[in-house]
Amino acid sequence: MNVLRFVLTVCLLPSFSLASVAAGADGWQTLFDGKSLDAWRVYQQKADTPVKHWVIADGTLHRPEGGGDLITREQFGDFELEFDWKISEGGNSGVIYRATEDEPDSYRTGPEYQVLDNAATGHEATDDVAAGSLYALYSPTTDAAKPVGEWNTGRIVVDGNRIEHWLNGKKIVEADMASDDWRAKVANSKFANWKGFAKSKRGHIALQDHGNPVWYRNIRIRPMNEVQTAGAKPARLLFVTQSAGFKHGSVTRKASDLSPAEQVMTELGLSSGLFRVDCTQDVAKDFKRELLENYDIVMFYTTGDLPIDPETLDYFFNDWLKQKGHGFIGAHSAADTFHNYEPYWDMIGGTFVAHPWNADATVTIMVHDPSHPVAKPWGEEFTIQDEIYQFKNWQPEKVRVLMSLNMEKTDLKMPFHVPIAWVKNYGQGKAMHMSLGHREDVWTNPTYQESLLGGVKWILGQEEGDATPNPEVSAEEEKKAQATAK
C-alpha cells in the first residue's frame, strides 16, 4: 500500500502550543518549520503521547523507522497544502487529507497524494500509484518527479469536491469527487469496501508510515476561508486558450501539461488565494451557458472565430457580462478573436488589424493612469520586447486607456495611436484588455503577472480603479504619432 498521510486537525488543547500553525497575514499556517512537532501527533493515540519515531534532523521531518502515521492536530475542509518531500530508494509513503481516525489506517478514510520512488518500485510515472498520483484512482498526466534522493515540491488543492495534485510546479491530477467518473473509479477499487472513504468534508492531514525512510520539510497550509474576506470562497476564472487561427507558443501544451500562459494564471490564482482557474482548449465542451454560471471571470488568450454558437455568445455578452456583472479579460491575441463580429468588439473595445512591431521589437510604453491596479506595477514608463498590435474598430469614447505605445521612442514610426492596455465598464460588468503577451518571457515577467493580477482584483472589487473613458488620451497620442511619423 503506497500511502503517506498528512492530516491537519484543529484541536486547541491547552497542554500544547500551536504557535507553529498560527495564520500569517496571507492566510498561510506553518505546520512544520524545521524545529517543532507542536502541530502534530500520532494517529489514533492520545494527544499527549510522545512522538518517538518521527524525528527532526537538519530542519527536516524524518521517519527512519516504524511508529505509525503522523497527523495534524488541526482539521481542515477546503485548503491549499504545500510541502517538500524526499523518498528513500524503493521507498513508499503518502500524504492523506480529510482523514479521520475511524479506521485502523488513515489511508482508508481520505484521498492520498502518493510519495514514491517510481523507478525502484517498478512503476511508470503515469501509473495510478506513481509519485503524485491520487493513489489508486487518478494517474499523473505527466512525469514530473525528480530522481530518488532529490527534493520534490508537492501541492494539494481541495475546494469542495474538486481536487488538484501538483508536483514540482506542474498540475498532474484533477478530480471531482461528485462526478460519475470518481464514483466509478472508487467502486472498482479496494476503497469500495471502506464505506467512510473520502466521505468527510473536514479532516486531518496525515503523513504515512509505510515502513520506509521518508523526509518532509516546509509544510504549510492555507485554509480557503482564511484567504477570502467574510469567509467567501475564491472566485472562479475560466481561461480559454483555444486557437482557431494562429497558435501562440505561450498557449501550446506539451503532452497534457498546461501551457506557459495557463501555468501562470493557475499559479497566480493559487498564490494570491483570490481565484481558481479552469483552463480549456475545447469551447464546444466547456463554454456553455449552464457552465458559465460557475465562473466570475472569463479570460481569452485566443484567435479566430471560436466554435461557440451564437445563442451562447449572445447570452455571454448580454446576460452574463452586462446584466449579471461578471468580468472579462482579454490577453494579447484575444483582440484577434471574433475580430469581425460587432458584439465582440463592442465588448472588448477594439480588434486586431496588424502588428507592425513583431515579437523581436523593443518598444517603450507610457502609463497614463499609474493608480489603476492594472497599470500600477509598471511605473510611469517602461521598455519591453514583445509583439505590438494595431487596432481597428477602436472605440476611445467607451474605454479608459491605461497604457499606450510611445511612438516618439519607437524605431518604427507610425501615424496612429497604439493602445496597450485598457479597461471599460460593460453594463454591470467589467472588461479589461492587455495587448502584451505574445512572448513566453513576457508571461514569466513578474511585473506582467502583477498587472494581470491587478486586473483580476479590479474586476472582483478587491482594488479600486477608474474606468471612466478618456478619449482625450487617444486623440492626443494620435496627433503626436502623426507628427512623429512625418
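The model is predicted, so local features are taken only where pLDDT is at least 70 and side-chain atom pairs only at pLDDT 80 or more, whereas totals for chains, interfaces and linings use all residues. Residues are numbered from 1 along each chain as its sequence is written, and side-chain values rest on heavy atoms, with hydrogens and water left out.

**Cores**

A nonpolar core is a set of buried Ala, Val, Leu, Ile, Met, Phe, Trp, Tyr and Cys residues joined through side-chain atoms within 4.5 Å; buried means under 20% relative accessible area, exposed over 50%, and partly exposed in between, with a 1.4 Å probe and protein chains only. The largest such core has 55 residues, and those with the most contacts inside it are Phe239, Met265, Phe275, Met403, Met434, Leu436 and Trp443. Helix H9, residues 446–460, gives the most to this core, with six residues; helices (H or I, at least four residues) and strands (E, at least two) are DSSP runs numbered from the N terminus. A second, separate core of 51 residues includes Tyr107, Tyr113, Leu134 and Ile172.

**Sheet**

Five strands form an open sheet in the order S2-S5-S12-S7-S8, with antiparallel pairing, where two strands pair if DSSP finds at least two bridges between them. Strands S2 (40–42) and S8 (112–116) stand at the edges with a single partner strand each, so one side of each has no neighbour in the sheet. Within the sheet, strand S7 (residues 92–99) and strand S12 (residues 204–207) pair in the antiparallel sense over three bridges, and the bridge partner of Ala99 in S12 is His204.

**Two loop residues**

The table sets out the loop position and relative accessibility of Thr337 and Glu408.

| Residue | Loop between | Relative accessibility |
|---|---|---|
| Thr337 | strand S17 (327–331) and helix H7 (342–348) | Thr337: 0%, buried |
| Glu408 | strand S22 (400–405) and strand S23 (419–426) | Glu408: 49%, partly exposed |

Contact here means heavy atoms within 4.5 Å. Not counting residues up to four places away in sequence, Thr337 touches Phe300, Thr302, Thr303, Gly304, Leu306 and Tyr344, and the side chain of Thr337 reaches the backbone nitrogen of Thr303 at 3.4 Å. Glu408, leaving aside its neighbours within four places in sequence, is in contact with Lys413, Lys480 and Thr484. The C-alpha atoms of Glu408 and Ile156, which lie 252 residues apart along the chain, are separated by 49 Å.

Terms used: Polar contact = N/O pair within 3.5 Å; in protein donor to acceptor, adjacent residues only side chain to side chain.
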